[in-house]
Each structure stands twice: as C-alpha cells, then as structure tokens.
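These are my notebook entries on one structure. I looked up selected side chains and recorded what surrounds them.

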Amino acid sequence: MGMNVSRHDDLGENEYLKRFVGKEHIPAYNDEFWNSFLQYHINLPTNSQEQLSLDSRLETLCQSFISHNLSTGNFGSLINVYLVKVSELLALSDAESTVHIWQAFNALFIIRCLIKYMIETGSEYQLLQHFEALPIQESQRQTDGTTQAGGSSSGADVAVSIDPKVIADSKAAVAKLVDGTKFETFLEALVNIIVVIPVKEFTYHLHLEAVNCLIVLLSVSQFSQQRTDKSTIFKTIYKCQHANTLMSALLHFLSRMTQAPSTMFGFGSGGSFVFGIAESLWSILTFARKQPDILSAPDLPSAFKDHYPLANQSLLLMLILSNHYTTKDNPYRASLFGCSDSQADSSKDDAATFKIDFSSLYNTLCRIVTIDQATLLLYLLLHRNQRFYKYVMAQQNLQQLVIPILQTLYNAPDSTSHHIYMSLIVLLILSEDDNFNKSVHQIILKNITWYTERSISEISLGGLLILVVIRTIQYNMLKMRDKYLHTNCLAALANMSGQFRSLHPYVAQRLVSLFETLAKKHARLDQQLKQSVNGEAAVVDVAVSLSAPSSDDMDLSVLEEVLRMVLEILNSCLSHQLVYCPNLVYTLLYKRSVFEAFRSHSAFQDIIQNIDMVVGFFSSRLVRVQDQRGELGVNEVLEVISKGASQWSSDRLRKFPDLKFKYVEEDAPEEFFIPYVWSLVCKAGCVHFSSESIKGVTTEINC
C-alpha cells in the first residue's frame with residue numbers, strides 16, 4: 001500500500017491485509033502496524049461494476065477474515081483505531097488533521113467493506129459478534145472471570161463460537177455476550193464525522209464514507225428476514241439522540257450540493273502527500289467556486305451521482321431513515337417534517353426540529369427534481385412539512401419547479417411507474433392550493449422546445465400543465481391501464497378547473513378531445529358487452545381497461561367514472577370561469593355532437609344539461625349574428641362569444657359541489673415506500689449491493 005494507489009489486482013498480495021485477516025492478533029496499540037496499514041490511497045469504485053470488481057477481489061480476504069476474526073479480534077482493534085482517529089480529529093485544527101482524516105477514511109473504508117460482506121453473507125448477530133470479538137486469550141479470561149463472579153449467562157444472551165480453529169486452540173467453546181455496546185460507540189463516531197467536522201475539500205470523502213457506511217448498516221433490513229423492530233442495528237440507529245442534528249446535516253449536504261473534489265485529500269495518484277496537504281488547505285478558499293453547471297448534462301441522474309456523490313448519498317440516506325418505522329416513533333421522520341426556514345421569523349418557530357435555508361433547498365430541488373429520489377423527497381416535504389409547503393406556495397418562480405416535473409411526465413416511457421406516480425402526486429398536492437391554481441395561469445411561457453406534440457410559441461404554465469396531464473392519461477390508457485393513475489391525473493385537473501383562465505385554443509381542444517376519445521371507447525365497449533349478452537362472439541378491447549379488473553362490467557364502470565369526472569371538470573370551468581375561457585366555449589360549440597350519446601344516460605344526464613345550456617345560449621347568439629353578417633370567421637366567432645360571456649349568468653346552471661380533492665396517503669405506506677427507496681439506493685447510489693440476496697425489490701426495479 002504505502003503511498004501508492006492500491007489497485008484492486010494488488011489487494012490479495014498486500015502483506016498488511018494478509019496479516020489483518022490472518023491468525024495473528026494485532027492489538028490496537030501497535031502503532032507501527034496500523035500507521036503502515038492505513039497509509040494507502042485507493043481508487044474508490046464509482047459505479048456498480050467497479051464495486052462488483054472490488055468485492056470479487058476482496059472475497060478471499062473477507063473469507064479469511066470471517067474464519068479468524070472471532071479468535072484474533074482484529075476487527076475490534078481496527079474499530080478502536082478508528083475511534084481514536086475520530087476523537088483526535090474532533091480536537092485538531094485543519095492544519096494538523098489532514099493525515100488523521102486520510103487514515104480515518106482508510107480505516108472506515110475497510111470497515112465498511114467488511115460490514116457489507118458480513119451483511120450480505122451472514123446474519124446481523126454474526127456481524128455484532130465480530131464487532132465485539134476479543135482475542136482468544138482475553139476472551140477466555142473474561143469468560144472465566146464472568147463465570148467466577150456471577151455464573152454463566154443464559155443461552156439467549158450469549159453466542160458460542162463454533163469455528164473449528166477456535167475450538168482447537170481454546171479446547172472449549174468461547175461464550176461472548178453480544179450487547180451492541182461497541183456498535184453503539186462506533187455509530188456515535190460515524191454521526192460525529194457527519195455533524196461535527198465541516199465539509200471541506202480534504203474532508204469530503206470522509207463525510208461520504210460515513211454516509212455510505214450508515215447506508216450499508218441499514219441495508220441489513222434487506223438481507224435479513226428479521227423484523228426491523230427486532231434488529232439491534234435498527235434499534236440503535238433509531239434511538240440515536242442526535243437525530244435532529246444528523247437530519248439537519250444531511251439536508252444541508254443536499255441543499256448546498258458541494259461538488260466532489262477532483263482529488264482525494266488534496267493529492268492525486270502517486271502524488272506527494274506533503275504537497276497535497278498544502279493544496280488541501282489552499283483549496284478551502286476555492287472549493288465553493290469549482291462548480292460548473294454539470295447538471296445541464298443530458299443524463300442528469302448520472303451527473304448528479306458522479307459529481308455530487310455526497311449530496312446524492314445524503315439524499316438516499318434521508319429517504320431510508322424517513323421511510324422505515326413510519327408507524328412507530330421515528331425521530332428522523334419527525335425531524336424532517338418539523339424543520340423550518342432559517343430565514344423566517346425565528347420567534348414563530350420555537351417548535352422547529354432544526355432550521356435550514358428553504359430558499360437554497362428549494363433552488364436545489366428545482367435543479368434536480370427530475371431525478372427519482374429528489375421527487376420522492378419533494379413529495380415528503382410537501383405532504384408532511386407544512387412550513388415548506390407554505391414556502392413553496394408563496395414562490396413567484398413556480399415554473400422552475402413545475403416545468404421539470406411536467407418534463408418527467410412528458411417523458412413517461414423513460415421513467416419508472418413509481419416516478420410517474422410520485423410526480424403526479426406532487427402536482428396533486430400543489431393543486432390543493434387555490435393560489436397555485438391561479439398563479440399558474442398568470443405565468444406565461446415561451447418556446448417550450450421539449451413539448452413536440454405541437455409547436456406552441458406562447459402558453460401559460462397552467463395550460464402546459466393541462467396538456468401534459470391529459471397526455472399522461474392517454475399514455476396510461478394505452479400502456480399502463482391503471483385506475484389510480486387516472487384518478488390522480490383527473491383529481492389535479494379537477495382542483496385546478498375552477499381557476500382555468502385564458503386557455504390556449506389547443507388546450508381547449510385537448511380537453512374536449514379527451515372526452516371524445518373516452519366516449520368512443522365507451523361506445524365500443526358498450527356495444528361489445530351488449531353483443532356478449534346476446535350470445536354473440538365478442539372480443540373486449542383491452543385498451544379500454546383502465547385498471548385491468550377481472551370483469552368487463554368493471555371496465556365499463558371505471559370508464560364511466562372517468563367520463564363523469566371529465567364532464568365535471570368542463571362544468572366546473574364553465575361555472576366559475578366562462579367569461580375568461582372563450583376558446584373552451586368555441587371548442588364545445590364545434591364539438592357539440594360528442595355529447596349527444598350521453599344526454600339520456602343516467603350517469604351523465606344532470607351534468608350534460610349544464611353543458612347543453614351553455615352551448616345552446618352561445619349557439620343561438622351565433623345564429624342571430626350570422627343571419628345579420630353571413631358566415632363568420634374564427635376571430636368573429638370568438639368576438640361573439642366574448643360579448644355573450646359578459647351577459648351570461650352562471651345562475652342559470654345547476655349547482656354542483658366544488659371539485660376539491662386532497663391527497664391522502666394509504667395505510668401501511670411502508671409496503672410501497674421501503675421497496676421503492678431501496679430500489680433507488682441500488683439503482684442510483686454509489687454503493688453496489690448484491691441483487692441476488694437483497695429482498696423486497698421487484699423485478700421492475702431490480703438492482
């Protein structure tokens with residue numbers, strides 16, 4: 001190892017690694033060994049393939065470690081060395097601490113690799129055994145002392161090593177109490193790295209390694225059939241007294257989005273370490289300025305993971321901590337949902353769990369919201385943190401947040417169904433606010449190049465939102481056929497419908513065309529069902545099935561629910577905003593025939609009457625003007641509609657309840673969110689996990 005870069009190929013031949021995993025006990029006070037052992041610079045794996053390559057080359061060493069550590073206690077010695085390094089770091093200045101940071105990182109990297117191997121191949125109990133294991137002589141002395149002092153421990157509280165070599169050496173089984181004490185001390189040191197040591201260029205990878213190590217520890221839930229409320233690791237992490245401080249640090253890591261330094265600890269492969277220290281100290285002054293706009297890259301998820309790994313891993317860790325224990329006392333979840341804006345009046349936020357600059361957090365989320373895990377965090381904050389929700393609703397630049405979400409929906413084939421769901425639910429939550437529904441129609445957008453269905457030089461944000469949601473409904477009808485996705489789409493449109501204003505002609509056409517498309521499917525399915533009842537052969541059009549239910553009658557009923565909701569959206573707009581939506585009235589006049597088949601249908605009769613009344617009123621005015629002037633052009637028709645709208649009274653219409661839908665999270669959210677979060681960790685994280693062993697990740701979102 002020495003000062004050179006450690007290549008994966010060299011690991012199996014390294015003399016220090018061989019001694020560490022061998023039969024010889026190496027005490028924590030052997031400074032000569034540990035200083036040599038920890039003076040290496042390794043090229044960290046940057047993707048799952050590199051991680052897999054490293055894991056495969058470490059496998060023989062890890063197996064040797066498992067065979068010998070319960071008798072040598074070398075893992076415990078390494079933990080102790082690491083704890084000393086961290087305690088020294090907390091007391092040192094920048095100028096003194098660079099070497100300690102380097103060695104603390106190296107120790108933690110080895111610890112993380114071993115923990116990951118033990119979690120993937122063994123049990124949590126075996127992992128804790130290795131944490132607590134002492135050299136055989138000392139372990140035997142403690143066992144003898146315990147027996148003399150108070151008798152033997154109960155079988156439920158002890159683990160007897162059955163390793164043949166240990167039995168041969170000690171001539172007896174060695175009982176060792178595994179109470180998680182050392183693990184708790186180790187966890188405390190991890191948290192201290194994250195929350196106490198400031199992020200600078202030469203500390204960046206130490207922070208990243210601490211976050212990665214926590215993710216690896218929490219992955220025990222995915223490699224074990226044991227319930228998390230029975231897990232010592234989970235119980236220790238979730239009883240942490242510093243949950244607020246840890247969540248604050250992680251959210252700050254994301255919000256600040258510091259770019260990874262080009263070198264580790266200020267020196268490159270094979271470079272001078274002394275020069276590296278000087279370079280590191282100088283870089284403190286320039287670190288924040290080394291941030292080109294990498295997030296403009298076409299592959300945003302990869303760019304974010306590669307160039308902002310600390311932000312990426314911190315985001316994933318927050319999601320893991322927040323989505324486990326959702327029905328129990330979860331201090332991390334409460335912390336995230338209770339944070340407040342550091343720029344707000346502090347006297348009003350005495351109950352806040354911690355404070356963060358919402359402006360910085362909002363701007364960061366706007367930049368990365370098209371990334372799956374960022375959408376999920378945004379959902380959690382909007383749904384559960386009322387302070388953040390109110391802050392977002394008060395922003396004047398909502399297009400910076402909404403447009404990327406619409407792009408995700410527009411490019412639905414490139415996203416997972418989970419990402420589409422969360423994006424839609426975010427829009428639904430936003431649409432619960434009337435001010436949002438008003439403001440989106442006041443924000444005018446020009447030249448939206450990614451919307452290629454039709455060239456539109458100018459459109460309101462609200463109009464674009466309607467177009468994309470309608471397109472998502474149509475995509476769902478053809479590809480996914482999911483009833484709940486339709487419900488979320490239509491609920492968002494329904495919440496907005498009472499505030500529809502200045503609808504672009506194309507938006508009005510798409511709204512009515514949506515009903516027309518559904519009406520044709522309804523007629524076709526209805527006819528097929530009638531033929532089936534009459535005993536005639538019929539093949540039901542599966543594209544009509546919105547939720548893939550088992551019976552054709554259910555298909556028809558679901559379709560009728562959707563048709564009814566589209567009519568209610570049209571009616572809501574006519575009832576509240578007719579004077580501001582002449583293009584919608586024009587389209588209804590032009591497409592009046594599509595409603596004819598539903599005038600006598602019991603499920604639609606009442607609401608069709610309102611639409612007929614509007615169409616009849618404006619139709620009669622157009623007839624009178626045409627009698628006077630002759631054939632009218634489009635602009636002349638719109639002029640007649642605008643004048644007629646000023647004389648129209650909505651009192652003529654039958655009153656229906658205002659359309660107000662509120663998103664409610666279903667019972668047992670862990671069943672959806674935990675597999676979802678771990679699929680993101682596997683797919684988007686910097687640590688590769690063995691997909692053969694991990695449980696709870698479906699084929700669609702496999703690691």
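Entry 1: I began with Arg 564, which is buried at a relative accessible area of 18%. I noted that the model is predicted. Buried here means under 20% relative accessible area, so Asp 606, at 18%, also counts as buried. I then looked up how the two side chains meet and found a salt bridge of 2.7 Å, N to O. The pair links distant parts of the chain, since Arg 564 is in helix α27 and Asp 606 in helix α29, 42 residues apart.

**Entry 2: other salt bridges.** I recorded that the structure holds 19 salt bridges. Side chains of opposite charge can pair when their charged atoms come close. One of the bridges joins Asp 434 and Lys 660 at 2.5 Å, N to O. Asp 434 lies in helix α23 and Lys 660 in the loop between α30 and α31, so this pair ties together parts that are 226 residues apart in sequence. Asp 434 is partly exposed at 35%, and Lys 660 is partly exposed at 48%. I also found Asp 55, Lys 116 and Glu 120 linked in a network of salt bridges.

**Entry 3: Arg 471.** Which side chain meets Arg 471 in a salt bridge? I found Glu 453, at 3.2 Å, N to O. Glu 453 lies in the loop between β7 and β8 and Arg 471 in helix α24, so the pair ties together parts that are 18 residues apart in sequence. The charged end of Arg 471 also sits over the ring of Tyr 410, 3.9 Å from its centre. I noted that Arg 471 counts as partly exposed, at 27% relative accessibility.

**Entry 4: aromatic rings.** I recorded 35 aromatic pairs in the structure. Among them, Phe 672 and Phe 673 are edge-to-face, with 4.9 Å from centre to centre and 90 degrees between the planes. Phe 672 is partly exposed at 31%, whereas Phe 673 is buried at 6%. I also looked up one aromatic cluster, whose members include Tyr 16, Trp 34, Phe 65, Phe 75 and Phe 131.

**Entry 5: His 130.** Is His 130 buried or exposed? I found it buried, with a relative accessible area of 4%. His 130 is found in helix α6, and a polar contact of 3.0 Å joins its side chain to that of Asn 69. Leaving aside neighbours within four places in sequence, the contacts of His 130 include Phe 65, Phe 75 and Met 118.

How values were computed
Residues are numbered from 1 along each chain as its sequence is written. This is a predicted model: local features need pLDDT of at least 70, side-chain atom pairs count only at pLDDT 80 or more; totals for chains, interfaces and linings use all residues. Side-chain values use heavy atoms; hydrogens and water are left out. Helices (H or I, at least four residues) and strands (E, at least two) are DSSP runs, numbered from the N terminus. Buried means under 20% relative accessible area, exposed over 50%, partly exposed in between (1.4 Å probe, protein chains only). A polar contact is a pair of N or O atoms within 3.5 Å; within protein, one must be able to donate a hydrogen and the other to accept it, and residues adjacent in sequence count only if both atoms are side-chain atoms. Contact means heavy atoms within 4.5 Å. Rings of Phe, Tyr and Trp (its six-membered ring) pair if their centres lie within 6.5 Å; planes under 30 degrees apart count as stacked, over 60 as edge-to-face and the rest as tilted. A charge sits over a ring if NZ of Lys or CZ of Arg is within 6 Å of the ring centre and within 35 degrees of the ring normal. A salt bridge is a side-chain nitrogen of Lys or Arg within 4 Å of a carboxyl oxygen of Asp or Glu.
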